[in-house]
Amino acid sequence: MMSQRIIALAVLFLSASACTAAEGDRQQPPTSPPPPGESPFGPLVAGMPTYPRPGDVYAAAGPNMLAEQVRDDRALVYVPNTKSNDVSVIDPKTYKVIDTFPGGPEPQHVVPSYDLRTLYVASSQIPDGGLVPIDPRTGKPGKFRLLEDVYNLYFTPDGKQAIVVAEAYQRLDFYDLGTWQRVRSVRFPECEGINHMDYSADGKIMLFSCEFANRMLVLDTLSLDKLREFTLTETPDGMPQDTRLTPNGQHFLVADMHAHGVYVFDAHATRQTGFIPTGRGAHGIYFSRDSKLAYITNRDAGSIMVLDLATLKPTTTWRIPGGGSPDMGGLSADGTTLWLSGRYHDEVYVIRTRDGKLLARIPVGAGPHGLTIWPQPGRYSLGHTANIR
């Protein structure tokens, strides 16, 4: 009898302890953001905003986490068409093109400004390239600004300067955002076709793809000194494209159109750590709103590979019914749809991220490229079409 009573008391004690622990877990306060200048990735480069949640560089860009300044912007999709030199504007609710306006000569990408208050159409044709600003409140373009060879557009981590990637000149041009006067220019002749870029989680290094040189460059963000370079290994005629830091800040992914897959580098691009075959013509890299998946577009295969970011293993592949050429784009604010330009088919694809179902294919201008769906979650833009953090 005594032993039964002891067992009963022990069970009661353990049950009460479990309930108390569970209640304590539920009452835990939310994790506070680190103090200014600190982060789970170590000290940040000067002027770079801290991360609101440890270990996730996209913590501020979750589903529908729209910053106050973008909540009244028109919900639209902007598609730069490189061959027809215009921008198609799509209503994301009806899947209809509702406007078309000039995008400058050979428009490549539509890029949100650092403060998210302007969208820029990057126009690269030599010598007449430049920027067309778009007011995201109205969806209407402003006056074309002549700048030399704006193939791609990024911003310094402190938001003080724009970085124009002048691809044809193997050059990075830095512009003051107040005056749009060029303040610095650095050329890298070994990086023919300098193209896509991303920062390390602490903002201290930049990893650039060299599209026509089969290599990657690693630069110091402040000095712009070249720290190292990599010749890519899978094929001698590699064509590296989109370059993205994974949400956990531990890997860089680089899509290569001729290697037909994604290279993996470590957190500060000190070494190549792997290669993931994805499909012919691997080009664009986009992350799910929960930071768990990457969507890799395979332009030549007409497919999108879904990559588990925890394991860096493919989970499935979605194919465009009837064929297509998925290129660049981004996710809707709620993360339920992936919008991609069909580069060779003059159309845009809308894909449901739950199961890869094609919801729409929308005819646009000729040669659609770096589209942007707006508004986007996040606090600030580091440039390109999908690097909002």
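What volume does the largest pocket have? I began my notebook with this question, and I found that the largest pocket has a volume of about 220 Å³.

**Ground rules.** I noted that this is a predicted model, in which local features need pLDDT of at least 70 and side-chain atom pairs count only at pLDDT 80 or more, while totals for chains, interfaces and linings use all residues. Residues are numbered from 1 along each chain as its sequence is written, and side-chain values use heavy atoms, with hydrogens and water left out.

**Pockets.** I wrote down the terms before going on: on a 1 Å grid over the protein atoms alone, a pocket is an open set of points where a 1.4 Å probe fits, with protein on both sides within 12 Å along at least five of seven lines, and lining residues have an atom within 4 Å of a point. Grid points are joined across faces, edges and corners, and the volume is the space filled by probe spheres set on the points.

I looked up the lining of the largest pocket and found 13 residues, of which Ala 75, Pro 92, Ser 332, Ala 333 and Ile 373 lie nearest its centre. Strands β26 and β29 (372-374) each supply at least two residues of this lining; strands here are DSSP runs of E, at least two residues long, numbered from the N terminus. I sorted the lining of the largest pocket into eight nonpolar, three polar and two charged residues, where Ala, Val, Leu, Ile, Met, Phe, Trp, Tyr, Cys and Pro count as nonpolar, Asp, Glu, Lys and Arg as charged, and the others, Gly among them, as polar.

The second largest pocket holds about 170 Å³ of space, and its lining includes Val 45, Phe 174, Arg 184 and Leu 224. Its lining residues divide into six nonpolar, three polar and three charged.

**Salt bridges.** How many salt bridges does the structure hold? I read off 17 of them, a salt bridge being a side-chain nitrogen of Lys or Arg within 4 Å of a carboxyl oxygen of Asp or Glu.

I looked at Glu 68 and Arg 71, whose side chains meet at 2.9 Å, N to O, and both residues are exposed (exposed means over 50% relative accessible area, buried under 20%, and partly exposed in between, with a 1.4 Å probe and protein chains only).

I then turned to Lys 226 and Glu 190, which meet in a salt bridge at 2.9 Å, N to O. This pair links distant parts of the chain, 36 residues apart, with Lys 226 in strand β16 (residues 226-231) and Glu 190 in the loop between β12 (182-187) and β13 (194-199). Lys 226 is partly exposed at 37%, and Glu 190 is partly exposed at 23%.

Arg 343 and Asp 327 form another salt bridge, with the closest N and O atoms 3.6 Å apart, and here both residues are buried. I also noted a network of salt bridges that links Glu 148, Arg 171, Asp 173 and Arg 182.

**Disulfide.** Where is the disulfide? I found that it joins Cys 191 to Cys 210, with S to S at 2.0 Å, and the count comes to one under the rule of two cysteine sulfur atoms within 2.5 Å. Cys 191 lies in the loop between β12 and β13 and Cys 210 in strand β14 (residues 205-210), so the pair ties together parts that are 19 residues apart in sequence. The link is left-handed, with -105 degrees about the S-S bond. Cys 191 is buried at 0% relative accessible area, and Cys 210 is buried at 0% as well.

How values were computed. Helices (H or I, at least four residues) and strands (E, at least two) are DSSP runs, numbered from the N terminus.
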